[in-house]
Amino acid sequence: MNKQQLVIFDTTLRDGEQSPGASMTKEEKVRIAKILEKMRVDVIEAGFAIASPGDFEAIKAVAETVKDSTICSLARANKKDIERAGEALKPANSSRIHTFIATSPIHMEYKLRMTPDQVVDYAVSAVKHARNYTDNVEFSCEDASRTEFEFMCRIVEAAINAGANTINIPDTVGYGEPGQFGETVGRLIENVPNSDKAIFSVHCHNDLGLAVANSLSAVMHGARQVECTINGLGERAGNASLEEIVMAVKTRHDLFPVETSVQSEHIVPASRLVSTITGFPVQPNKAIVGANAFAHEAGIHQDGVLKRRETYEIMRAQDVGWHANKLVLGKHSGRAAFKARLEALGIKFEDDDALNAAFARFKELADKKHEIFDEDLQALVSDVSASTAPEKYGLVSLEAISKTGDKPQASLVIAVDGEDHAVSSDGDGPVDAAFRALEELAQSGAKLKLYSVNAITSGTDSQGEVTVRLEREGIIVNGSGADTDIVVASVKAYINALNILESGMVKAHPQLEGV
Ligand code: KIV
Ligand code: ZN
């Protein structure tokens with residue numbers, strides 16, 4: 001079969017980040033972008049430049065660092081958004097502006113309060129304006145799966161005439177069904193007279209669990225770009241997952257008329273990095289990247305796999321990077337080995353102070369834990385960068401007492417703006433006691449929305465990685481912390497969430513506002 005190229009457009013740093021609580025710092029975005037580049041992702045949507053100064057700076061930093069992938073910024077269909085995107089993308093070797101406007105009757109009438117004619121005018125002006133900054137312009141019809149077909153043909157034709165070279169068909173609300181969605185994309189390509197001048201793309205949300213199926217069906221009908229995220233991260237039920245799209249195309253090369261450039265052995269390390277940074281754990285039975293994805297428990301399966309792997313396995317675990325993380329550092333490893341291993345993981349420090357801080361943490365950890373795996377290093381670096389975020393609160397010391405028959409107690413010393421405060425409380429367990437004590441001190445008024453503990457590696461000496469999600473007045477933040485002591489990890493995560501909440505970083509949401 002003569003294969004065509006399927007462009008992989010990763011939006012983990014933009015749509016993925018729109019997941020409540022998944023916001024990332026500039027440094028974290030750069031780390032993820034570097035692994036995406038190494039993986040040979042074609043386009044990295046690094047953010048939504050006008051959303052916040054932080055997003056603008058992150059896009060700029062990604063554009064400065066990543067040279068082999070095209071860097072993209074989202075922009076609504078208006079001048080200000082596009083100018084901001086163009087500005088952020090200036091350092092890129094290859095840049096793209098992705099502009100969008102809603103095209104479904106319900107969005108045009110109630111959200112935009114615009115007539116269809118006005119929407120077409122906005123789309124055309126936006127695409128033309130974006131072409132002043134780059135010759136690589138993508139146009140999206142937001143809520144395409146609920147858009148009238150004739151109108152979609154009209155606006156797509158106009159956008160291509162205005163200079164868009166990628167046309168994206170988003171299933172914004174996850175309403176699509178594979179047969180119908182794929183067919184619509186196929187009919188669009190057939191009916192739009194200038195469709196040969198653009199690549200057709202899809203961007204599917206997973207509200208009905210169909211994001212990957214819808215995307216792949218569209219590929220069968222002519223789409224040649226898929227927008228996706230690592231681990232399927234994204235708003236509500238998430239976006240189509242990059243790893244599932246890439247591995248479906250690779251594994252079923254007998255069916256799909258396309259191939260991707262993605263080097264799949266970087267998938268698992270990328271998945272772990274995104275999970276560590278965002279604090280969103282990967283469910284064990286998640287396809288490709290879940291801990292059980294290649295575990296054959298049933299005796300009959302194990303027997304078959306041992307005799308011949310292909311009896312039950314359709315992919316090789318090492319092809320997606322499952323066994324890449326073998327290297328172990330220990331107590332006696334030096335600074336050079338530590339630095340070299342981090343560089344191999346795509347982690348570089350801005351200066352010697354940052355490296356020294358991380359190395360000191362590594363030594364502390366190595367005292368508690370004999371073998372340090374890549375996952376430990378990633379958690380450790382995230383912990384260090386979390387602790388360099390603006391810090392109102394800091395953990396000085398913690399004592400937790402848990403005794404059968406007695407109420408658990410926690411006593412903490414917390415630095416608040418540099419001044420030590422002692423607090424204590426009891427609770428239903430040592431973590432509950434520690435959180436109560438913290439809240440008594442901070443009086444944040446935030447509600448605990450999620451508390452999760454994940455063992456980073458196997459074994460009882462594993463570090464526990466804790467995610468704490470807090471909500472206050474509609475603002476949701478995720479804090480993370482890792483330690484071999486899970487009460488300490490929990491307190492670190494709670495403090496991290498409080499610090500993020502205090503820093504007041506709130507972003508505009510691209511779909512909540514009109515143009
Ligand atoms: O889901 C969506 O419609 C989007 C667009 C901005 C492409 O994320
Ligand atoms: Zn989206």
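Hi everyone, let's start with one residue, Phe139. Leaving aside residues up to four places away in sequence, Phe139 touches Thr99, Phe100, Ile101, Ala123, Val127, Ile155, Ala159, Ala164, Thr166, Ile167 and Asn168. Before I go on, please keep in mind that this is a predicted model.

So where does Phe139 belong? It is part of the largest nonpolar core, which has 101 residues. Phe139 is among the residues with the most contacts inside that core, together with Ile155, Val156, Ile167 and Ile169. And which helix gives the most to this core? That is helix α6, residues 149-162, with 10 residues. There is also a second, separate core, this one of 27 residues, and it includes Ala410, Val416, Ala433 and Val466.

Now let's turn to the metal. Which residues coordinate the zinc ion, ligand 2? They are Asp15, through OD, and His203 and His205, each through NE2, at 2.0 to 2.1 Å. If you follow the chain, the donors have the spacing D-x187-H-x1-H.

Next, have a look at helix α9, residues 242-251. This helix is mostly covered, with 7 of its 10 residues buried. The buried ones are Leu242, Glu243, Ile245, Val246, Met247, Ala248 and Val249. What covers them? The elements include two helices, α8 (211-220) and α10 (267-278). The strands β2 (7-10), β9 (225-228) and β10 (258-259) are also among them.

Staying in that part of the chain, the loop between β9 and α9 holds Arg236. Its phi is near 50°, a positive value in a residue other than glycine. Arg236 has a relative accessible area of 47%, so it is partly exposed.

You will find Arg40 in the loop between α1 (26-38) and β3 (43-48). Here phi is near 70°, again a positive value in a residue that is not glycine. Why does Arg40 count as partly exposed? Because its relative accessibility is 46%.

To recap, we began at Phe139 in the core of 101 residues, then visited the zinc ion with Asp15, His203 and His205.

Notes: Residues are numbered from 1 along each chain as its sequence is written. Chains are lettered from A and ligands numbered from 1 in the order in which they are written. This is a predicted model: local features need pLDDT of at least 70, side-chain atom pairs count only at pLDDT 80 or more; totals for chains, interfaces and linings use all residues. Side-chain values use heavy atoms; hydrogens and water are left out. Donors are N, O and S atoms within 2.8 Å of the metal (3.2 Å for Na, K and Ca); water is not among the atoms, so sites may look incomplete. Buried means under 20% relative accessible area, exposed over 50%, partly exposed in between (1.4 Å probe, protein chains only). Helices (H or I, at least four residues) and strands (E, at least two) are DSSP runs, numbered from the N terminus. Contact means heavy atoms within 4.5 Å. A nonpolar core is a set of buried Ala, Val, Leu, Ile, Met, Phe, Trp, Tyr and Cys residues joined through side-chain atoms within 4.5 Å.
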